[in-house]
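Please keep the viewer at hand while reading the numbered points.

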Amino acid sequence: MKLSARNVLPGTVTKICKGAVNAEVQLSLKSGDNVVSIITNASVDSLGLKEGQNAWAIIKASWPILGKDLHNVKLSARNIFCGTVAKLVPGAVNTEVSLKLSQGTILTAIITNESAHSLGFKEGDHACAAVKASSVILGVE
Amino acid sequence: MKLSARNVLPGTVTKICKGAVNAEVQLSLKSGDNVVSIITNASVDSLGLKEGQNAWAIIKASWPILGKDLHNVKLSARNIFCGTVAKLVPGAVNTEVSLKLSQGTILTAIITNESAHSLGFKEGDHACAAVKASSVILGVE
Amino acid sequence: MKLSARNVLPGTVTKICKGAVNAEVQLSLKSGDNVVSIITNASVDSLGLKEGQNAWAIIKASWPILGKDLHNVKLSARNIFCGTVAKLVPGAVNTEVSLKLSQGTILTAIITNESAHSLGFKEGDHACAAVKASSVILGVE
């Protein structure tokens, strides 16, 4: 299946913690970053998720919140990805921002033009993306 | 690819409107419901989306907002799915609610226990789910 | 803290309820509104969240669903913010809507143009925003 989600990041399952309804699943990405995802227990079972398994972390471009130096800020968002601004595509209301993480991984985010202006992003700038664990979908082959 | 998203709904693309950054794509689902999705133009191109094509609308269980008789309420959410409560699975913080739409299609949503109590949902009750167009991911074979 | 999220609302933690994986955290905002957020237990611990502490509720503009008189509707969304339409900025696909809440607090939402037309919002109109607890990110100094 090909997905409209701009961010389909390959990795390996490193941890699964089940609760009553939801489970917390951790992936180690090829970029070296970790991703935490909250999915239902039923999804853990139907995907047959196991530690060591290959999986994708799927993140729609409209979910990341961008900032600078977010690694120094305390946020409840479990996933903070830092890199450099690789591309900016402004539209009428929104701007598409591509961040280059390690290992050439690209993370794309859509933010409003006003946010893009107020953050003053230019290509090559350091930037970080915050993504809530409950916004990450997992996929397996 | 198998996905953790609980709602992977099959349909056919009926309309594509491109903007500067984002595009609005409409699907007609097998359940008879329509789904509107906002995705980036880049995704329309990379998926090769065309009217008449088969596609899936992918909705994570944590995104729908539930209510009663939402078809009578004016909401900005482009997608309102109505049906009957088929199953309730309470956890420590959240409850999983399954709605049965037409044609046997099931839509699953995670809401907080407090919301489940205040809505007073019981199996067989009428219920609706509101989903923003920007929360719908599309997939194609 | 500079973030791309348009809504970074200051408040004070008033309640924390932990579950197996997720916790429900309540903030009392400067605007007088309460905000409920679902975050992971791990985030409660890493932020060192305690009742009485100052914190921000962070809401990306693409997440709220707008409507009129939502305080009269039974919705599973735990957060309903009501105010008046302060500004409308239409784009090619989306419209940016700013709501003025009490105490001058502004809440910004992105909805599709078709929703903006069907709701018929004009500046000065009463309007409400529904935000799921699981969409709210928390930040602390």
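1. Two residues are in contact if their C-beta atoms, placed from the backbone, lie within 7 Å. The model is predicted, so local features need pLDDT of at least 70 and side-chain atom pairs count only at pLDDT 80 or more, while totals for chains, interfaces and linings use all residues. Residues are numbered from 1 along each chain as its sequence is written, and chains are lettered from A and ligands numbered from 1 in the order in which they are written.

2. The contact between chain B and chain C takes 30 residues from chain B and 31 residues from chain C. On the side of chain B, two or more residues come from each of strand 3 (22–29), strand 6 (65–67), strand 9 (106–112) and helix 2 (113–119). Helices (H or I, at least four residues) and strands (E, at least two) are DSSP runs, numbered from the N terminus. That side of chain B has 14 nonpolar, 10 polar and six charged residues. Here Ala, Val, Leu, Ile, Met, Phe, Trp, Tyr, Cys and Pro count as nonpolar, Asp, Glu, Lys and Arg as charged, and the others, Gly among them, as polar.

3. Chain A holds two helices and 12 strands, in the sequence pattern β-β-β-β-α-β-β-β-β-β-β-α-β-β. Its radius of gyration is 15 Å, close to the 14 Å of the globule rule for 141 residues, so chain A is as compact as a globular protein of that length. The radius is taken over C-alpha atoms, and the rule is 2.2 Å times the number of residues to the power 0.38. The C-alpha trace of chain A spans about 45 × 35 × 25 Å along its principal axes. Of the contacts in chain A with a separation of 6 or more, 63% are between residues 24 or more positions apart.

4. Chain A is divided into domain 1 (7–60 + 133–139) and domain 2 (65–131); the bounds come from an automatic or database domain assignment. The centres of the two domains of chain A, taken over C-alpha atoms, are separated by 22 Å. Their contact takes 13 residues from domain 1 and 10 residues from domain 2. On the side of domain 1, strand 2 and strand 4 of chain A are the elements that give two or more residues.

5. Which strands form the open sheet? Six strands do, in the order 4(A)-3(A)-2(A)-5(A)-12(A)-1(B), with antiparallel pairing. Strand 4 (34–40) of chain A and strand 1 (2–3) of chain B stand at the edges with a single partner strand each, so one side of each has no neighbour in the sheet. Two strands pair if DSSP finds at least two bridges between them. Strand 2 (residues 7–18) and strand 3 (residues 22–29) of chain A pair over seven bridges, and I16(A) stands opposite V25(A) there.

6. In chain C, strand 4 (residues 54–59) has five of its six residues buried. Buried means 20 or more other C-beta atoms within 10 Å of the residue's own, exposed 12 or fewer, and partly exposed in between, with C-beta atoms placed from the backbone. Strand 4 of chain C pairs in the antiparallel sense with strand 1 (residues 7–18) over six bridges and with strand 10 (residues 137–140) over three bridges. A57(C) stands opposite L9(C) and opposite L138(C).

7. H71(C) lies in the loop between strand 5 (65–67) and strand 6 (79–90) of chain C. Buried or exposed? H71(C) is exposed, with 10 other C-beta atoms within 10 Å. Not counting residues up to four places away in sequence, H71(C) touches I80(C), C82(C) and C128(C).
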